[in-house]
Amino acid sequence: MTIREAVAAEIEPYAVSDNAVDKAIISSFYRFGGSTDTDPEGTYSPVDDKQVGFAAMLLLGQLLTLTNEKVDVISNSYDNEDLKKAIGAIANRIGVNADLVLGDQGEDKVTYCPVW
């Protein structure tokens with residue numbers, strides 16, 4: 001099993017593009033290990049569980065912005081509470097805080113404060 005396949009298995013039944021998976025893998029392996037040259041086609045090992053889990057959390061977090069989508073004849077609906085529970089369960093299993101991904105959703109605003 002490759003690292004990409006392990007991440008895809010972690011987020012089932014949800015599906016995202018290979019590019020999204022690869023980006024999440026690279027970001028996750030950098031954050032939890034400092035590796036800048038992780039190959040998504042490399043062989044998965046249980047040693048990689050924290051990085052794979054965090055990559056899955058990042059991907060599930062991206063789905064929180066969607067309510068539903070339709071591609072050709074396939075339609076998907078997303079329940080934000082179920083996604084948050086899945087993120088929380090993965091976070092608990094790999095020993096991190098779900099707020100690494102969920103955070104405070106209202107803190108995305110930039111406030112201009114002039115300095116005189």
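Axes here are lines fitted to C-alpha atoms, for helices over the stretch in contact, with angles running from 0 to 180 degrees between N-to-C directions. This is a predicted model: local features need pLDDT of at least 70, side-chain atom pairs count only at pLDDT 80 or more, and totals for chains, interfaces and linings use all residues. Residues are numbered from 1 along each chain as its sequence is written, and side-chain values use heavy atoms, without hydrogens and water.

**View 1. Packing of helices α1 and α3.** Helix α1 spans residues 3-11 and helix α3 residues 49-63. Helices are DSSP runs (H or I, at least four residues), numbered from the N terminus. The two pack at about 55 degrees, axes 9 Å apart. From α1, Ile3, Ala6, Val7, Glu10 and Ile11 make the contact; α3 brings Val52, Ala55, Ala56, Leu59 and Leu60. Contact means heavy atoms within 4.5 Å.

**View 2. The largest nonpolar core.** Such a core is a set of buried Ala, Val, Leu, Ile, Met, Phe, Trp, Tyr and Cys residues joined through side-chain atoms within 4.5 Å. Helix α3 gives the largest share, eight residues.

**View 3. Surroundings of Leu60.** Beyond four places in sequence, Leu60 touches Ile11, Tyr14, Leu83, Ala86, Ile87 and Ile90.

**View 4. Asp22 in helix α2.** Asp22 counts as buried because its relative accessibility is 16% (buried means under 20% relative accessible area, 1.4 Å probe, protein chains only). Leaving aside neighbours within four places in sequence, Asp22 is in contact with Arg4 and Pro40.

Key:
Buried < 20%, exposed > 50% of the residue type's maximum accessible area, 1.4 Å probe, protein only.
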